[in-house]
Amino acid sequence: MALFEEEMDTSPMVSSLLSSLANYSNLPTGSKEHEEAENNEEGARPSKKPVKAPQLGTLMGVYLPCIQNIFGVILFLRMTWMVGIGGVLGSFVIVFMCCSTTMLTAISMSAIATNGVVPAGGSYYMISRSLGPEFGGAVGICFYLGTTFAGAMYILGCIEILLIYIVPQAAIFKIEGLEGQEAEAALLNNMRVYGTIVLSFMALVVFVGVKYVNKLALVFLACVILSIMAVYGGVIKTAIDPPVFPVCLLGNRTLISKGYDVCAKVIEIDNETVTTKLWMSFCDSENLNATCDEYFTNNNVKEIQGIPGVTSGILAENLFGNYLEKGMFLEKRGVASEADPDSPATGSNRYVLADITSFFTLLVGIYFPSVTGIMAGSNRSGDLRDAQKSIPIGTIAAITTTSIVYMSSVVLFGACIEGVVLRDKFGEGVNGNLVIGTLAWPSPWVIVFGSFFSTCGAGLQSLTGAPRLLQAISRDGIIPFLRVFGHGKANGEPTWALLLTASICEIGIIIASLDAVAPILSMFFLMCYMFVNLACALQTLLRTPNWRPRFKFYHWALSFLGMSLCLSLMFICSWYYAIVAMGIATCIYKYIEFCGAEKEWGDGIRGISLSAARFALMRLEEGPPHTKNWRPQILVLVSVDTEQNVEQPRLLSLANQLKAGKGLTIVGTSVQGTFLDNYTEAQRADQSLRKLMETEKVKGFSQVVISSNLRDGTSHLIQVGGLGGLKHNTVLVSWPRNWKQPEYHQQFRNFIEVVRETTVASLALLVPKNISSYPSNGERFTEGYIDVWWIVHDGGMLMLLPFLLRQHKVWRKCKMRIFTVAQMDDNSIQMKKDLITFLYHLRIDAAVEVVEMVDNDISAYTYEKTLIMEQRSQILKQMHLTKNEMEREIQSITDSSRGSIRRKNPSALCSHHSTDEGASVAEQPEDEVQLIYSKNTSTPTSPTSPTAPAGGATTWTDNKGADKGKTLLAANPEAGKDLFNMKPEWENLSQVDVRRMHTAMRLNEVITKKSKEAKLVLLNMPGPPKNRVGNENYMEFLEVLTEGLNRVLLVRGGGREVITIYS
C-alpha cells in the first residue's frame, strides 16, 4: 500500500470504510452526533448505557402502527352516514379513489424509502432529500399541520362520543328543548369547552412522559381491532337473527326516539283509547278531538326494523345516493306520504333532520382522513431492524387490509341497515345509539367504548408525533423563524414545539365541527402525498445515478397517476381549502428560497434544473436572438489587488443598473501565475467576486482564470466566457487610470488589446471613465440628464443603454437628451425632424438637439498638443530599452525627435502616413488607421437610422487606397492656409494626428458646453489603430475627447442592430 500512503488522510482504506458502514446506526438525524458531543463534554460522567440496536420487525414496527393510524374516528362516527347519504355505489367510488391514492403513494414511498438507508424523519426526510430544502420545508410544514389538525379531529370525535353516546347529561350547555340553530350552537359550545379540557390534559400527558403513550398504543390498537371484529360479528348475526332496533316513521319521516314512548298515535288500555306521548307532541291536548298538526293527521305512524339484516335485500334500496339540504327531513324511500307542499313545516324538532347540506365532494373531504396514516411505518424507520424490507411490505399490507375492511364495510352497511338509520348521523331515531353500534355484537357498548379509547389514543399519537416532526424541521435550519422550536427538555423532548402544536390544535377545537375540520387536514395530507409521488416520478425520469431502490415494483406512470389523483381529490374536497393549502406551501417555499437555503441534499429539483438548463442551452444554439429580444449580456472585467480584492467595485454597481436583474452577467478576473501554484489565490479571488456580487445584488456568475500574464488571462475570459448559446455579447471594462505614468504602461496596452479583441469578436464594448464617481445602487438622482452624443450609428446601442439605465431606480428621475452633429453641407433642420420621427417609432422619450460643427482653422494650441503627444509617445517607446540605454536616451529624447523630423524628406508633409523612426511610407501603407472627421469619408449608415449624420463619422478606417493618401491640403484647402506661418517643429508633424487632435478638441469643446452638468454622457468610442504604433496617441485622443466631463460612458457597438422600430 506504499503507493497510496500519501493519500491515506483523504482516501481511507476499504477495510476501515466497510467497518464504519457495517456499524451504521440509523438513529434520528443528529442524535448520534448529539450523544457523541455529550460524551466528549462530560468525560468525567460515568459512561452512558449503550444505545440498543433497533429490533422492531415488519409486524410490530410497520404493519400494526399503520393499521392503528389508518383506522380511526371516521370509520366509527361517519362511515354509516356516508353510505346512507352517498349510496353504496357512490361511497364505494369514494373509498376506492381514496384507497387507490394511498396505495399508489405507498408504492412511491416504498421506492424512496428503499433507496439507501433511511434515518428517522419519515415523509419529511424523504421529500426534503428528494426534492430539496424548499419543497421539503413546504411539504414538511403541510404534513405537520395535517398531523396537528388530525389531533384536533380525534379529540372532537372523542368528545362527540362522550357527550352524545356515553354521558349526554354531562353537557354544560343543555340541548334539551332547543331547536335548529340554538341546539347546534349549544352542541358546538360543548365541543369547544370539553375539547379544550381534553387537549390540555393530553398535552400534559405528552409533556410528562411519551413512554406512557407508547406503552398504551397496543391497548388502543386492541380496542380498534376488537371494535371492527364486533362489527363483522354483528353482520354475521344479522343473517341468522337480526337485532331488534325499531324505527318509528310518521308517513315517510323518521321520528326522534325520545319524542315518543310507543310508536303509535293512540293505544287501547282496558278497552279505552288513550292518546300517547307522540299525540301530545303534535296536538294541543290529550283529547281525541284536539287540534293536531296537519301532516300528523293525514299520515299514519308505523314502525320499521332499523337493521333488517344482510339477507333482507335492503341493499337494492341503498344502492344510490340521497343527498340532503340542511334542515330536510330524513324520509324513507318508497313509502307513501301526504304532505301539502304549501303549508309550512311545523314541529320540526320531533323529526330527525339533516344537520348539514351534503354533496359528493363533501363526503370525499370528510372520508379521506380515514385512509391517512400510511406514513406511520416510515416515521418509525429509526426503530426498525431492516427498514428497507419492512417499510414496503408492512405499509402495503396495512393499506390492503384497511382497504378491504373499508370496501366491505360500505357494502355490508348498505346490505344490513335501513337507509333512514344510515342517514341518521347521531342515532336520534334509534334511541341515541351510535349507528354502527346498533350493528355490533354482542353489545353496542363494545363499539362505543372501543371507538372512544381508539380516538383518545390517536389524539395522543398525533400530539406526540407532530411536535417531533416540527422539531426535525427546525433542527434542519431551513426555516429560520422556526429555529426556536428545535430546542426542548434535557432529554430531547420538544417542549416549545408541543406548545405550538397544542395552540394550532386549539384552532381545530374552536371550529368544533368534525365535518369542518376533516377537509382541512385532508388538504395537508393530500399535498404531502402528492409530493411523495412527484419525488418518485422525478427521480425515475431523471435517472439520477443514485436512484437505485431495492423495491422494484414502481413506475413513474404510477407515481404520476398517484400525484394526479391527489391533486384532483384536493379540488374535489374543497377548492378554496385547496387554494389556501397550496398558498401556504408556496409562501413557505418562497420564504425558504428567499432566505437562501444553504442545504445541498442532492435533491431531484437540482436534477430538473440541470436538465432544463441543458435543454434551454441547446435551444439557444439554434441561432442568435432576434433584435427585439437583444439585451446586453455583460462580461464585467475587473482587476484584483494583491489581497485578491476587487479594485473597481462600482463596475458591478453599473452592471446591476444596466441589467436590472435580467439577462446574463459574468464577472471575470485573471490571476497571474500557474494553475498549480496559484490555485488558492484564484479561489480567494472567486470568493471576493461572489461576495461583492452579493453586496451589489448582481445576479450572475463569477469566473477566475489563471494565466502566465494578465493580458492572456483577459483574452481567455473574452474568448471562453459563458456556455454554448448563453454567452456574453457586451464587455464592460474600466478606463485605465493614470495610464500616462510609466508604471501603468502595460495596463493601457492591455486595455487597447481588449478594445481590439471585442471588435474582432463583434462584441459591444462599454468603457466607463471616472468609474469611482458613478452612483452606487443606494443613491438616487432626483433630477438631471443622461446625454447621448450620437456621432456614428452603432446598431442602436447608444439609444438602448439610457433606456435600460432609466429602468433602475438610481436613474429613473433623469431625462434623456440626444445630440447629433451636423456639418457644413448637412440640413440640420431636416436632421432634427428625422431624428424626432425615429425616436417616436422607437417609443423612446428624449429631447433632441442637432449641433452644427463648422470646420475652423486648426489652432496653434492643437499643433502644440499634438507635438507634446508625439514626444510623450517616443518617451514611452524608450521604456522597452534596457535600463542603461533608457538612461542614455532619455536625456536627448526631445532633440533627437525634432532633429529626425527636420532631416526627413520634406515630402513627408504631403504624406498621409505617420512615419516613425526607421519606417518608410512604402513599408506600412496597409497598416495605417485614421481618425477621420471629414465629409469625404462618411461611414455608411443603417437604413433603419435615417438620422445618422451623413458626414459625421468619428471612426478609425483603413487607409488602403491611393485616393485616401491625399494630403491635408487636398482634403481641406482651408485648413492649410496658415502652414507657411508654422513653427519649425510643427512642420513635419503627422497631419493625420493633427486632424485627429483637432477633431477631438472640437468635439470635446461642444460636448463640454452642452453636457457639462449632465449626470452621464454616452459617447461613441473611436476604434483603435490596427497596428500597435499609434497606441499611445489613441489613448491621448480619447483623453482629449472626454476631458472636463465627470461621468462618461464610451460605447462601441457589436456590429448588429440591437433596437428596432417594429413590435
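Buried here means under 20% relative accessible area, and in this predicted model Cys263, at 14% relative accessibility, therefore counts as buried.

**View 1. Cys248 and Cys263 are joined by a disulfide.** The sulfur atoms of Cys248 and Cys263 lie 1.9 Å apart, and the link is right-handed, with 85° about the S-S bond. Cys248 belongs to strand E1 (residues 246-250), while Cys263 sits in the loop between strand E2 (253-254) and strand E3 (266-269), so the pair ties together parts that are 15 residues apart in sequence.

**View 2. A disulfide links Cys283 and Cys292.** Here the S to S distance is 1.8 Å, and the angle of 105° about the S-S bond again gives a right-handed link. Both Cys283 and Cys292 are buried. A search of the whole structure finds two disulfides, and with bonded cysteines counted along the chain their pattern is 1-2, 3-4.

**View 3. Helix H5 and helix H13 come within 9 Å of each other, axis to axis.** The axes of H5 (residues 79-113) and H13 (residues 387-416) cross at roughly 170°, and because angles over 145 degrees count as roughly antiparallel, the two helices are described as roughly antiparallel to each other. Sorted by class, the contact of H5 with H13 has 21 nonpolar and 10 polar residues, and no charged residues.

**View 4. Lys326 and Glu184 form a salt bridge.** The closest N and O atoms of this pair are 2.9 Å apart.

**View 5. The side chains of Asp787 and Arg817 meet in a salt bridge.** The N to O distance is 2.7 Å, and the pair ties together parts that are 30 residues apart in sequence, since Asp787 lies in strand E11 (residues 785-790) and Arg817 in strand E12 (residues 815-822). Asp787 is buried, with a relative accessible area of 0%, and Arg817, at 19% relative accessibility, counts as buried as well. Elsewhere, salt bridges that share partners join Arg78, Glu160, Asp355, Lys425 and Asp515 into one network, and the structure holds 16 salt bridges.

Technical notes: Residues numbered from 1 in each chain as written. Predicted model: local features only at pLDDT ≥ 70, side-chain atom pairs only at ≥ 80, totals over all residues. Heavy atoms only, no water. Axes fitted to C-alpha atoms, helices over the stretch in contact; angles between N-to-C directions. Helix = DSSP H or I, 4+ residues; strand = E, 2+ residues; numbered from the N terminus. Parallel < 35°, antiparallel > 145°, perpendicular 65-115°, else oblique. Nonpolar A, V, L, I, M, F, W, Y, C, P; charged D, E, K, R; others polar. Disulfide = S-S within 2.5 Å. Buried < 20%, exposed > 50% of the residue type's maximum accessible area, 1.4 Å probe, protein only. Salt bridge = Lys/Arg side-chain N within 4 Å of Asp/Glu carboxyl O.
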